[in-house]
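User: Please take me through the fold shown here, moving from the strands to the helices and then to single residues.

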Amino acid sequence: MITYDFAEKVVVVTGSARGIGRRIAERFYAAGAKVALCSISKTGKEELMQEIAGDDRSRIMALSADVSRPEEVAAFLQAVVDAFGTIDVLVNNAGVTQDGLLARMSEEAFDKVISVNLKGAFNCMRHVAPVMMKQRSGRIINISSVVGLYGN
């Protein structure tokens, strides 16, 4: 297995409560990064941090934010900068699935997918860009589904 050193780097992972996002957060934490967990869920943050970091909270934080809401994204990312000083890596992983046949998909379901999966990534990138531009470095990783290539 390849190992990386992310000591002193600050990584934000959206959609980090479970699945791929959680594994990404775990790997960055194990590589020494300070990790900010972002999930729409209002519960389970303490348990998640405990499972990833144990009792040491010096390199981890978890807050609730709906990435489809720009004001929540701005508040979340400001809290990260206030706590850790900067943001070096943003992993846009938050997403929802509303799979189904196009003819049966409601407009509300479509709007939800676009709002979270597309606009959510935009909201996060837009609010983290000034931080990264000021420090003249940073990385943004956008995770998407194979459905983006092939559809259902």
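The questions and answers below cover the sheet, the helix packing and a few individual residues.

User: On what basis are the values given?

Analyst: This is a predicted model, in which local features need pLDDT of at least 70 and side-chain atom pairs count only at pLDDT 80 or more, while totals for chains, interfaces and linings use all residues. Residues are numbered from 1 along each chain as its sequence is written, and side-chain values use heavy atoms, with hydrogens and water left out.

User: What is the order of the strands in the open sheet?

Analyst: Helices (H or I, at least four residues) and strands (E, at least two) are DSSP runs numbered from the N terminus, and two strands pair if DSSP finds at least two bridges between them. The edge strands are S3 (60–64) and S5 (139–142), each of which pairs on one side only. The open sheet has five strands with parallel pairing, and their order is S3-S2-S1-S4-S5.

User: How many of the five residues of S1 are buried?

Analyst: Buried means under 20% relative accessible area, exposed over 50% and partly exposed in between, with a 1.4 Å probe and protein chains only. In a regular strand the side chains alternate between the two faces of the sheet. In S1, Val-10, Val-12 and Thr-14 on one side and Val-11 and Val-13 on the other are all buried, which covers both faces. S1 is therefore largely enclosed by the rest of the structure, the number of its buried residues being five of five.

User: What angle does the direction of H4 make with that of S4?

Analyst: Angles run from 0 to 180 degrees between N-to-C directions, and axes are lines fitted to C-alpha atoms, for helices over the stretch in contact. H4 packs on the sheet and touches S1, S4 and S5, where contact means heavy atoms within 4.5 Å. The direction of H4 makes an angle with that of S4 of about 175°.

User: Is H1 parallel or oblique to H2?

Analyst: H1 and H2 (residues 45–53) pack with their axes 10 Å apart, at an angle of about 45°. Angles under 35 degrees count as roughly parallel, over 145 as roughly antiparallel, 65 to 115 as roughly perpendicular and the rest as oblique. The angle therefore makes H1, relative to H2, oblique.

User: How many charged residues are in the contact of H1 with H2?

Analyst: Arg-22, Ala-25, Glu-26 and Tyr-29 in H1 meet Leu-48, Glu-51, Ile-52 and Ala-53 in H2. Ala, Val, Leu, Ile, Met, Phe, Trp, Tyr, Cys and Pro count as nonpolar, Asp, Glu, Lys and Arg as charged, and the others, Gly among them, as polar. The contact has five nonpolar residues and no polar ones, and the number of charged residues is three.

User: Is Arg-22 buried or exposed?

Analyst: Arg-22 lies in H1 (residues 19–30). Not counting residues up to four places away in sequence, Arg-22 touches Gly-15, Ser-16, Ala-17, Leu-48 and Glu-51. Because its relative accessible area is 17%, Arg-22 is buried.

User: What is the phi of Arg-136?

Analyst: Arg-136 sits in the loop between H4 and S5, and at 79% relative accessibility it counts as exposed. Although Arg-136 is not a glycine, its phi is positive, at about 60°.
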